[in-house]
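Please look at the sequence and the model below before reading on.

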Amino acid sequence: MVTTRTPLMAGNWKMNLDHLQAIAFTQKLAWALKDAKHDYDDVEVAIFPPYTALRSVQTLVDADKLSLSYGAQDVSAHDSGAYTGEISGAFLSALGCKYVILGHSERRTLHAESDEVVGSKVKAALKHGLVPVLCVGETSEDLEKFGASAVPVAQLKAALDGVEGTPDLVVAYEPVWAIGSGQAATPEQAQTVAHALRAALEELLGEEVAAATRILYGGSVKSDNIAGFMREPDVDGALIGGASLKVDEFSAIARFRQHVGS
Ligand SMILES: O=C[C@H](O)COP(=O)(O)O
């Protein structure tokens, strides 16, 4: 089956930029991307601001008709009710969010999110029409003990347990040891795990979903290493942390085609 997957460059701002800074940043980013339209017009660029900036981003994207997608960094597993501090998928949909990041290693580690919790959030996101960007990845200890693919594949299977049909999904492979460390995986390592994840998707949800699902690599992605990842057949984009907070870097990553031949 031949399926064309639109590359996705997703900027996870984490807990950075208040809503005023987000407005200025989004305007600069849109301008930087517009400047080089011919290099990225078949690439989807998405930003993931903190919750407090989502309304401002929505206003800008709508008013200026920006070619930017956006989403949130987490969602509640519940629809509404007595869950102090939680945000429902219904609220995110009402703000025009397309995506939601789920199971990021910082949520798994700092907020003790189990595979089961991540799985219930995946179902909540799908229920509210959001596309989960499901993060999976091994620690350096896992890598030593089990090799690269075992833990990410197990996390994927656990999070998708009970999901049926042909869900719109994005999977982000983020080796924990590569996040914010400056030590990215090699493109070959990313490809090996992305391939194993695609095989697991096929087993769980069938050929069509496996062929259509975009698999991103994340962990110390920069403008000078993105081209290597994008040459790999199963890597369809990147989930970018630090470099997504710099307009020049992030827009250069979105223009990866300029470097692919190099
Ligand atoms: O969500 C993004 C990842 O955690 C990667 O972060 P990084 O690009 O700063 O390594």
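Is F229 buried or exposed? In this predicted model, F229 has a relative accessible area of 2%, and because a residue counts as buried when that value is under 20%, F229 is buried.

**Aromatic pairs**

The count of aromatic pairs comes to four. One of them joins W13 and F25, whose ring centres are 5.2 Å apart and whose planes stand at 75 degrees, an arrangement that is edge-to-face. Since W13 belongs to the loop between β1 (8-12) and α1 (19-34), while F25 belongs to helix α1, this pair ties together parts that are 12 residues apart in sequence. W13 is buried, with a relative accessible area of 0%, and F25, at 8% relative accessibility, counts as buried as well.

Another pair is formed by Y217 and F229: the ring centres lie 4.3 Å apart and the planes are at 15 degrees, so the pair is stacked. Here, too, distant parts of the chain are linked, for Y217 sits in strand β7 (residues 214-218) and F229 in helix α11 (residues 226-230), 12 residues apart. Y217 counts as buried at 1% relative accessibility. Together with Y173, the residues Y217 and F229 form one aromatic cluster.

Strand β7, which holds Y217, is part of a closed barrel of eight strands that runs β1-β2-β3-β4-β5-β6-β7-β8 with parallel pairing. From one strand to the next, the twist averages 25 degrees. Strands of a sheet pair through backbone hydrogen bonds, either parallel or antiparallel. Lying across β5 and β6 is helix α8 (residues 150-159), which runs at about 145 degrees to β5.

**The ligand**

Which residues come nearest to the ligand? There are 13 residues around the ligand, and K14, H104, G180, S220 and G242 come nearest. The table lists distances from an oxygen atom of the ligand to an N or O atom of the protein, in the side chain for H104 and E174, but in the backbone for S220.

| Residue | Part of the residue | Distance to a ligand oxygen atom |
|---|---|---|
| H104 | side chain | 2.8 Å |
| E174 | side chain | 3.4 Å |
| S220 | backbone | 2.8 Å |

How values were computed. Residues are numbered from 1 along each chain as its sequence is written. This is a predicted model: local features need pLDDT of at least 70, side-chain atom pairs count only at pLDDT 80 or more; totals for chains, interfaces and linings use all residues. Side-chain values use heavy atoms; hydrogens and water are left out. Two strands pair if DSSP finds at least two bridges between them. Helices (H or I, at least four residues) and strands (E, at least two) are DSSP runs, numbered from the N terminus. Axes are lines fitted to C-alpha atoms, for helices over the stretch in contact, and angles run from 0 to 180 degrees between N-to-C directions. Contact means heavy atoms within 4.5 Å. Rings of Phe, Tyr and Trp (its six-membered ring) pair if their centres lie within 6.5 Å; planes under 30 degrees apart count as stacked, over 60 as edge-to-face and the rest as tilted. Buried means under 20% relative accessible area, exposed over 50%, partly exposed in between (1.4 Å probe, protein chains only). A residue is near a molecule or strand if one of its heavy atoms lies within 4 Å of it. A polar contact is a pair of N or O atoms within 3.5 Å; within protein, one must be able to donate a hydrogen and the other to accept it, and residues adjacent in sequence count only if both atoms are side-chain atoms.
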